[in-house]
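Please look through the sequence and the structure shown below, keeping an eye on the charged side chains. The paragraphs that follow go through their pairings one at a time.

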Amino acid sequence: MNENQGTNRAKLYQLALFPMNNGATNVYFVLILSYIATFGNKVLGLAMVFASFMVTGMRVFDAITDPIIGAIMDKTDGKFGKFRPFMVIGNLIMAVSVIILYVITPLIPASAMWLRYVLFILLYAVWVIGYTLQTSVTRSAQPVLTNDSNQRPLFTIFNTVASLVGMGAMQFIAPIIAGNGVAGDYNATWFAIMTPIGVIISVILTALAVIGIWEKDRTEYFGISGKQEQIKLREYVSIVKNNKPLQRLMVAGGGCKLALSIATNVTVLCMLYGCMTQFGTHIDAGSIVSDNHYDNLYLIMMVLGYVFSAPFFLLTVRTSQKHGQKRSLMTYVAVAFLCYIGVFVLLLLWRFGEPQWNLSIFEGKLFGPDFKITINLYTVLFILFFGVGYGAYYATADMPIPMVADCADYETYRSGKFIPGIMGTLFSLVDKLVSSLSATVVSIALLFIGVNDLPTKMTPYADGMRGVVIVLFCLIPMLAWALTLLAMKGYSLDGKRLKTIQAVNAARKEAVAGGMTMEEAMTTITDETVGAEA
């Protein structure tokens, strides 16, 4: 352990590689959680309501399995460490289940629809178990990776790189494969192509993450006593009840994830960039086809979002290192909230079929003979408000992950227990329960305006879609951010408080290593005694 006054620091390559675990699971966040309802409805022919509600049901199942996996993780300390087995086994389960689901089940004849329903449920449930195994590690391993307050905020930077490789790559490739000249509009061929691409990317990122955590996945980094704690299930209730910072972080993290999962839902984006940007119709092979700018908008807006995010990631890290992660999270969530007021006003001003009140960047094939720049003031203002707002909230979306490590350190300070598994998965439970609402909320909103099938880029505009987009793309995220700000206002683990907690934990660890019992260390080494020594 590289120690300076009890500080456990990670090497640069460890800080860079371990977040790839989040990138590996984010591949499936896109491949499954963004598209499985569309797969069930459009490819397997399952009812839209069933497919959408299954996303919510399985997300709830995913959340429930989190504390169970966390409890098992807290009891694990074997030859291959505490965390690495969960990463490898989880990724393998996901790979196998998603290949069978997306590639094999469409081969089942429509006459055996009952079998499609059964396999859809079973394979989805198996995938969830694998997803839970691997995602649990992202948060739970944070305390052993580093406890340096200057290093922990760097997770958001390296996590951005991992997300760009994982989630970003999938989001970028998806509409290209869905192009009319490739696979088509999210059909069976699209899923057959995207699945192996996603599996390969995820396996590579998992291997890199295993390398990143390898040296830290050892008993000597486990809490004050340097040994694996054995916690009884009934003790977890007391942990949640008494760890107030964790409670507030659950609300804040859930709010950030709700905003991200609904605002980036593929159906919402199809309505915004496709259904709402249809300027007319043309004849193609004897059929009337609606003209829309989805292919000209979606990728560009996604890339612009990442471009705007870059400076905010640097700003969040700088603010976190100087003032603590609490200040950073609240500051940039507030920026996102204010910017989305502008997005809200622009969507209120939107008019169907009127180019000056619509999003438009260019027409025709890029650099083709019919290529023409069509950007207008409405689009410029939308890019500014959306870009800054998206950049701010995307930079904070994963900030609660390293903050879970702060809550775990606080629990060690409070009770002497080192239980990163349950700390990380309790946070995940609320995170996933909240984000599970996204697909159901979208489906209910569509049913409310009489749309019975999930819209794709070629779906014509229907009355009420603007209202649905305003609610889902703006109002719900803004409400989530308001809850985040309210919860974080009373969050006690600011930069100064964390330094005190780290110093006390380090002093207790040194005392226990010198022969003092844990009970003696907890009672005799306090804020006051450490302050006096300093």
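With which residue does Asp-527 form a salt bridge? In this predicted model, the partner of Asp-527 is Arg-497, and the closest N and O atoms of the two are 2.8 Å apart.

Another pair, Asp-148 and Arg-9, forms a salt bridge in which the closest N and O atoms are 2.7 Å apart. Asp-148 sits in the loop between helix 7 (142–145) and helix 8 (154–177), while Arg-9 is found in the segment before helix 1 (12–17), and the pair therefore ties together parts that are 139 residues apart in sequence. Here Asp-148 is buried, with a relative accessible area of 9%, whereas Arg-9 is partly exposed at 26%.

Within helix 16 (residues 400–415), Arg-414 and Glu-411 are three residues apart, which means that about one helical turn separates them. Their side chains meet in a salt bridge with an N to O distance of 2.7 Å. Glu-411 is buried, with a relative accessible area of 1%, but Arg-414 is partly exposed, with 29%.

The pairs described here belong to a count of seven salt bridges.

Definitions and conventions
Residues are numbered from 1 along each chain as its sequence is written. This is a predicted model: local features need pLDDT of at least 70, side-chain atom pairs count only at pLDDT 80 or more; totals for chains, interfaces and linings use all residues. Side-chain values use heavy atoms; hydrogens and water are left out. A salt bridge is a side-chain nitrogen of Lys or Arg within 4 Å of a carboxyl oxygen of Asp or Glu. Helices (H or I, at least four residues) and strands (E, at least two) are DSSP runs, numbered from the N terminus. Buried means under 20% relative accessible area, exposed over 50%, partly exposed in between (1.4 Å probe, protein chains only).
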